[in-house]
Amino acid sequence: MNDIDVIVLGSGAAALTAAVTAHEYGARVAVFEKSDKIGGTSAWSGGQIWIPNHPHMAKGRTDSREEALTYLSALSHGMIDPAMAETFVDTGADMIRFLEARTPVQFYSIPDFPDYHSEFPGAKRTGGRTLECPPFPYQELGDWSDRMEASPYYPDYTMTVGETTLGQPVPQPASAEVKAERRAVDARGMGAALVGRLMKACLDRGIEPQTGKRAMELIMDGAAVAGVRFEDGSTAHAPNVVIATGGFEWNKDLVRAFTRGPMTHPVSVPTNSGDGLKMAMRVGAMLGNMREAWWMPVIEVPTDLNSMGRQLFTYERTMPGGLMVNRKGKRFTNEASNYNAFGAAFHEQDVSAFTYANLPCWFIFNAAFYGHYPFLVGGLTDSFEAGATPPQWVPGAPTLRALAERVGIDPDGLEKTVARFNQHAEQANDPDFQRGEANNDLWWGDPRWRGDKRATLGPLGDGPYYAIEVKSGALGTKGGPLTDTRSRILDVDGQVIEGLYCAGNAMASPMGMTYGGAGGTLGPAMVFGYLAGKDAGERSGGMTG
């Protein structure tokens with residue numbers, strides 16, 4: 001293959017954005033995907049993107065460059081490069097306008113979803129920075145519709161996140177008629193909508209990804225990239241290569257070598273094993289942000305519930321009436337905190353015992369809780385169906401002491417913790433971990449009480465009681481080759497490796513250790529995918545009409 005200007009490795013949102021953009025800037029583009037399916041973890045996601053100061057702010061909402069940068073700086077802990085933060089904030093709106101003007105990708109704002117750390121300076125307490133796509137009719141993809149990734153975590157693919165209990169103060173789910181209309185044209189929401197639209201943009205340009213093509217090695221011409229060698233022995237040659245192959249969360253050796261704490265249960269596509277990272281390392285790339293991941297609490301479930309045998313543990317732990325404890329029976333964090341920040345609680349060490357203090361840990365609830373919030377039904381729903389009972393595989397017992405003895409929790413500690421928790425939760429108060437005081441806490445939780453502490457704080461009632469173990473997982477890692485503000489990979493001396501780019505979870509995330517708000521993974525991925533495609537396209541021949 002010698003008629004290619006830009007090789008894109010991967011097929012998630014970052015990769016497809018880079019491919020479309022490079023084409024629009026005059027390049028001949030080829031996309032190669034390791035899996036036999038298109039879309040990567042992006043297709044498994046909620047499909048939201050977090051973009052400050054974008055062009056779709058809802059009426060009455062405002063944003064500014066200064067506010068966004070203030071917010072990111074407040075969260076930085078010295079891990080966010082100001083130049084990369086400025087580039088992200090300054091480019092997000094351009095990326096959206098570019099895609100909307102030239103492709104089927106269209107966005108609208110979810111006006112009320114607050115930033116995840118909305119008490120920090122520059123945050124949007126009442127939301128506005130999170131966007132999503134309308135459902136996309138997959139029949140427009142022709143034969144490719146059956147070759148797209150399908151999320152195991154969202155059982156109703158017709159929905160958008162904005163139509164679930166997370167999307168709005170008073171959920172207004174799509175009607176049965178609307179869902180039927182969507183199914184008639186195979187219209188899919190969430191991450192499937194975003195990736196489907198990007199895929200259609202590629203197909204409209206004659207860019208058909210080649211699947212089953214695992215890239216293993218970069219071909220170099222001196223200090224410049226010249227192509228890619230694949231696992232099957234074939235090669236593709238081009239003066240520009242965009243690495244957008246996802247993170248390394250499924251590679252246990254790399255996880256052990258780099259991440260800052262235990263991460264045993266990734267929830268991304270299993271093909272994310274660090275291929276892009278290894279290729280970049282072999283040609284001298286500098287690395288950044290390697291200890292971080294997009295952390296996510298996870299529970300194990302039977303594979304007949306979803307094919308991964310695990311489920312994201314997000315909204316469930318925020319509901320009133322449940323709490324989390326460690327092996328000592330002690331609460332250890334605000335259960336309603338955002339899932340990325342939650343990861344830090346799993347990394348705390350008991351220095352005397354030389355163990356992780358909060359692993360293992362369990363979510364404790366009772367039958368009445370599950371009757372209101374039946375979370376073991378396969379993922380997000382657009383309503384609560386009361387009256388469910390926990391499945392038999394969830395450990396249960398008539399008393400807290402019996403439950404503790406069954407699963408390995410200190411019984412005295414659990415009884416003492418629950419008594420204290422109940423005493424304060426009756427008054428919608430949490431002096432220990434301030435649950436319910438952050439705006440994020442009040443958005444998650446029971447939507448019937450949204451904005452009130454009772455949305456997330458309520459006592460654990462009478463038995464029978466249940467415990468489900470919570471694991472340390474991740475949506476993906478966020479370390480990789482260090483790039484400049486044009487997504488060009490830098491070597492260990494800070495010099496650009498000519499023609500080599502990186503975007504998405506394969507790159508050193510410009511977000512450092514933080515997660516700005518819903519869509520905080522995909523937003524930067526698409527922005528830097530856009531920048532990689534733009535720069536590679538301009539190197540190849542300049543902007544088309």
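Modeller: N289 is found in the loop between strand 13 (287-288) and strand 14 (293-300). The model is a predicted one. Phi of N289 is near 60 degrees, a positive value, and the residue is not a glycine. Most residues other than glycine have a negative phi. N289 counts as buried because its relative accessibility is 13%, and the cut-off for buried is under 20%.

Together with L482 and V492, M286 makes a nonpolar surface patch of about 240 Å².

Another positive phi is found at S487, about 70 degrees, again in a residue that is not a glycine. S487 sits in the loop between strand 22 (480-481) and strand 23 (488-490). Its relative accessible area is 0%, so S487 is buried.

Next come the cis peptide bonds. Most peptide bonds are trans. The bond from L359 to P360 is cis, with omega near 0 degrees, and P360 has its place in the loop between strand 18 (355-356) and strand 19 (361-366). The bond from G463 to P464 is cis as well, with omega near 10 degrees. P464 is in the loop between helix 13 (439-443) and strand 21 (465-477).

The structure holds 29 aromatic pairs. One of them joins Y116 and Y339: the ring centres are 5.5 Å apart and the planes stand at 75 degrees, so the pair is edge-to-face. This pair links distant parts of the chain, with Y116 in the loop between strand 4 and strand 5 and Y339 in helix 9 (residues 339-346), 223 residues apart. Y116 counts as buried at 5% relative accessibility, and Y339 counts as buried at 8%.

F363 and F375 make an edge-to-face pair too, because their planes are at 80 degrees, with ring centres 6.2 Å apart. F363 lies in strand 19 and F375 in the loop between helix 10 (367-372) and strand 20 (396-397), so this pair ties together parts 12 residues apart in sequence. F363 is buried, with a relative accessible area of 0%, and F375 is buried with a value of 0%. Ring pairs link F363 and F375 into a cluster with F313, F365, F369, Y370, Y373 and Y466.

Strand 4 pairs with strand 5 (residues 130-132) in the antiparallel sense over 2 bridges, and S109 stands opposite L131 of strand 5.

That leaves the cysteines. The structure holds 0 disulfides. C133 is in no disulfide, and the nearest cysteine sulfur, that of C202, is 14 Å away. C133 has 2% relative accessibility and so counts as buried. C361 counts as buried at 0%.

How values were computed
Residues are numbered from 1 along each chain as its sequence is written. This is a predicted model: local features need pLDDT of at least 70, side-chain atom pairs count only at pLDDT 80 or more; totals for chains, interfaces and linings use all residues. Side-chain values use heavy atoms; hydrogens and water are left out. A disulfide is a pair of cysteine sulfur atoms within 2.5 Å. Buried means under 20% relative accessible area, exposed over 50%, partly exposed in between (1.4 Å probe, protein chains only). Two strands pair if DSSP finds at least two bridges between them. Helices (H or I, at least four residues) and strands (E, at least two) are DSSP runs, numbered from the N terminus. Patches are made of residues with over 30% relative accessible area and no salt bridge: like charges are joined within 9 Å, nonpolar side chains (Val, Leu, Ile, Met, Phe, Trp, Tyr) within 5 Å. Accessible areas come from the Shrake-Rupley method with a 1.4 Å probe; for residues, only the protein chains shown count as cover. A salt bridge is a side-chain nitrogen of Lys or Arg within 4 Å of a carboxyl oxygen of Asp or Glu. Rings of Phe, Tyr and Trp (its six-membered ring) pair if their centres lie within 6.5 Å; planes under 30 degrees apart count as stacked, over 60 as edge-to-face and the rest as tilted.
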